[in-house]
Amino acid sequence: MRMRREDIILQALLLIHIPVACLFTAVSGQSDSSSSVVVAGYNVSGPAGSRVVLQCVSGRMVWTRDRVRDRQRVVHWDLYRAHPDYAMERVLDMFSAGDQRIYNSYNLGRAGLNPTAFRDGNFSLVIKDVTMNDRGLYSCNLHHLYCNLYETVRVQLNVTKSRRKEQRFWDGQKAVYVVLLGSTVVLPCINRRNVWTDWSDEEEDQQVVHWDRQSPGVHHDRADRLVDLYASGEQRSYGPLFLQRKMNISNHAFSEGDFSLAISDLQPTDQGMYSCHLHHHYCGLHERRVFQVTVEPPVIQTTLPAKALPSADKDTTKAESPRVINVIVPDQRHHFLLPLGYVLTSFLLLAFIILIIILITRRRRTKEFYPEVSMRSSRSQSSSEEFEMDVAEVTVCSQDERRFDYKNNLLKEKVHMNTQPKVIDLDKEMQKFSK
């Protein structure tokens, strides 16, 4: 009797512990939703007078109201048998607006869920007349297709024939139930978060995006609100009118998931920390992206004056203005002719070089095969030079012989003359003869 009381007390404590834990999780999730989590940080800079875009994109914030939205929440129980075949089988499943579906005819009438599970958050599985075939690891799986949420609770079920071995405990990872053969057991799966138990008809009012701006030295809590955007289409802008005109978000932000902020005519007063807050209160999404914006000096575009002739009194200490080179890009239709011309020119030059090499090679080979022709030409040149030398020597010798004969004739005339000998100047006579 005492053991029976202890089992009842442990069972009651376990059943109380699970809802309290789930409630604590839901409350903590709601308390954390008020403060968004920073998921990304960027440094953005641009020159004064330019236009910058702060990218803030999230696919989870796309608002798509499904016409069959009741089928976007589903719960299903699965069973994993450790032996003999180590198989996984589906026990049952149920949608938020539909009846539960049991997959094995053996479980008809003996296993099921509470029909009001999606209203009270109690998705526990009730099994009547427990048999040895029901042993295994059960998993309760909750899926929210719209919010992209997946949660799982596991319970180990063991069956015994001894009433004294009945017990319920937590092994550190899952709840373990040891139940008596033929009894009724309730495998707990409780989740009372609003995302599972409630579907608001005014869902678009629960999705909001807003941009804040912190000036240098200002804390996040004192940031200035720039714009609010709701899924219903309402948009609220804050601050002076000129500020509202230069900072805006696309009107199709929730249909595309793009909540980027465009800032036109950037000025030094626009520097600071910008924050993009994404809130989906129904799905529990609270994210924040921060952007550190820095304004740089404006880009000055100068035009070059007419080029003047250099003068002697030019001041060389002044810096020269930057020079602009105009590049003319050819038309795309004739752009292929340039590389074609380069290829043809290179080919012609290569052919010319090859032709010269062939001619030189053939000339050398001709000299190697016909060496007599070259020898004859060299001999003819040498004989002509010798002939010229012999002719010159013959002319010189003929002149000497003439002089010598003339002297002999004069001497003969002197000997045979009967009259007194006449003095003759040989030198003068030779000069006359030579003339």
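Before reading off any accessibility I wrote down the cut-offs: a residue is buried under 20% relative accessible area, exposed over 50%, and partly exposed in between. I also kept in mind that this is a predicted model.

Entry 1. I searched the whole structure for salt bridges, and the search returned 12.

Entry 2. I looked up Asp93 and Arg101, whose side chains meet in a salt bridge with N to O at 3.0 Å. Asp93, at 5%, is buried.

Entry 3. I turned to Arg193 and Glu151, which form a salt bridge with N to O at 3.1 Å. Arg193 lies in the loop between strand 12 (185–187) and helix 3 (194–197), while Glu151 lies in strand 9 (residues 149–160), so the pair ties together parts that are 42 residues apart in sequence. I noted Arg193 as partly exposed at 25% relative accessible area, and Glu151 as partly exposed at 25% relative accessibility.

Entry 4. Which residue does Arg225 form a salt bridge with? I found Asp228 as the partner, the closest N and O atoms being 3.0 Å apart. Arg225 is partly exposed, with a relative accessible area of 34%, whereas Asp228 counts as buried at 4% relative accessibility.

How values were computed. Residues numbered from 1 in each chain as written. Predicted model: local features only at pLDDT ≥ 70, side-chain atom pairs only at ≥ 80, totals over all residues. Heavy atoms only, no water. Salt bridge = Lys/Arg side-chain N within 4 Å of Asp/Glu carboxyl O. Buried < 20%, exposed > 50% of the residue type's maximum accessible area, 1.4 Å probe, protein only. Helix = DSSP H or I, 4+ residues; strand = E, 2+ residues; numbered from the N terminus.
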